[in-house]
Amino acid sequence: LGSDAAYETAITSGGGTVANPCEYATGEPGSAHTYDCLMILPPALGGGTKGSLLRPVASAVGRAASRSTGWSHRFDLATLAWERWGTNNASNWDNGGTTCWDTTRNKVWPITSTGMTNAVSLDLATKTWSNSGVSHPSMSNSYPDTVLSAYQAQRDIVVISTCQDGGGAGQSFYWFDASSNGSARTAVTFSSGSLPDARFGGGVLLYIPELTKLIYWTRQDQDAYYEITVPSSPSSSWSWVRVAITGAGRPSLLPNAARQETFKRMDYAPQLKSIVFVVCRSLGDFQFGNQVICIRIVP
């Protein structure tokens, strides 16, 4: 656009007959904070021949405007083009948060640290948000920038991990039944003790199908990850095992910036049986991709 002001006006002006998609041109989304809300949409689910980057919801769109939108946007990795993706929008998306892909039902759950007036999910087949009118509860010991989530397929539950911005009370874990409307949050108790926090996006929570375990990593204990076992009854106590990370690519040997805010720069690649970490070049410029670290976690 012609000016900074024109960009900010476009982000705040709305989408005409639709709820504000926060776009600077039709189908072209404004730049947003990623938080933990991005996912890869595979070709089989409408991602195109090479898959797509899907932004189901977005927060802090615009430089000064800092708006939120429940409209989804897709970046096709074959055509290198954005489009507005969906028949409707999540009607009451809040700031920050996380999204979680339920691979059994092929739908996306959006989760915030505070309560939402609609418990919603995005059906990836129909590209439609269900706005149910059921409330999402708030979570204690949470903050918008510190919410992580993962779908644990073995137990068919959605797991949430969060903490306060400054840590303080450590890391809290919650879960809810993925076959439900998402309106419940059950706190997790660990028989093996509490886990170090992942304040301000400094961590990741992943489900590894080959292990049927969750993997939790935090920069508070950077040269290790935690394998979390969920019992057959998720209401019982969970357990974890700390696994040391070795080798020349272990996080403590990377530039300081590489291990700051993670925000979806670390994810599981089943082709490599590894957690893949896309490293930030230097603190302050937030340019990524000059180095990729693989941490092998499956034998």
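**Briefing: one predicted protein chain**

The protein chain carries 22 positive and 22 negative side chains, and the centres of the two sets lie 4 Å apart. Here Lys and Arg count as positive and Asp and Glu as negative, with His and the chain ends not counted. Each charge is placed at NZ of Lys, CZ of Arg, CG of Asp or CD of Glu. The model is predicted: local features need pLDDT of at least 70, side-chain atom pairs count only at pLDDT 80 or more, and totals for chains, interfaces and linings use all residues. Residues are numbered from 1 along each chain as its sequence is written, and side-chain values use heavy atoms, leaving out hydrogens and water.

**Overall build**

- The protein chain has one helix and 23 strands. Helices (H or I, at least four residues) and strands (E, at least two) are DSSP runs, numbered from the N terminus.
- A compact globule of 299 residues would have a radius of gyration near 19 Å, and the protein chain agrees, with 19 Å. That radius is taken over C-alpha atoms, and the globule rule is 2.2 Å times the number of residues to the power 0.38.
- Along the principal axes, the C-alpha atoms fill a box of roughly 55 × 45 × 40 Å.

**Burial, surface and contacts**

- Of the 299 residues, 50% count as buried. Buried means under 20% relative accessible area, exposed over 50%, and partly exposed in between (1.4 Å probe, protein chains only).
- The chain exposes about 12,600 Å², and carbon and sulfur atoms supply 51% of that area. Accessible areas come from the Shrake-Rupley method with a 1.4 Å probe; for residues, only the protein chains shown count as cover.
- Among contacts (heavy atoms within 4.5 Å) with a separation of 6 or more, 49% join residues 24 or more positions apart.

**Helix α1**

- Helix α1 spans residues 4–12, and its buried residues are Tyr-7, Glu-8, Ala-10 and Ile-11.
- Seen down the axis of α1, these residues fall within an arc of 160°, so they line one face of the helix. The arc is that of the directions from the helix axis to the C-beta atoms.
- Their cover includes β1 (23–25), β5 (58–61) and β6 (67–69).
- Gly-14 follows α1 and has a positive phi, near 90°.

- Most residues other than glycine have a negative phi.
- Leu-80 is not a glycine, yet its phi is positive, about 55°. Leu-80 sits in the loop between β7 (73–76) and β8 (81–84). Leu-80 is exposed, with a relative accessible area of 59%.
- Asp-156 also has a positive phi, near 55°. Asp-156 lies in the loop between β13 (148–152) and β14 (157–164).
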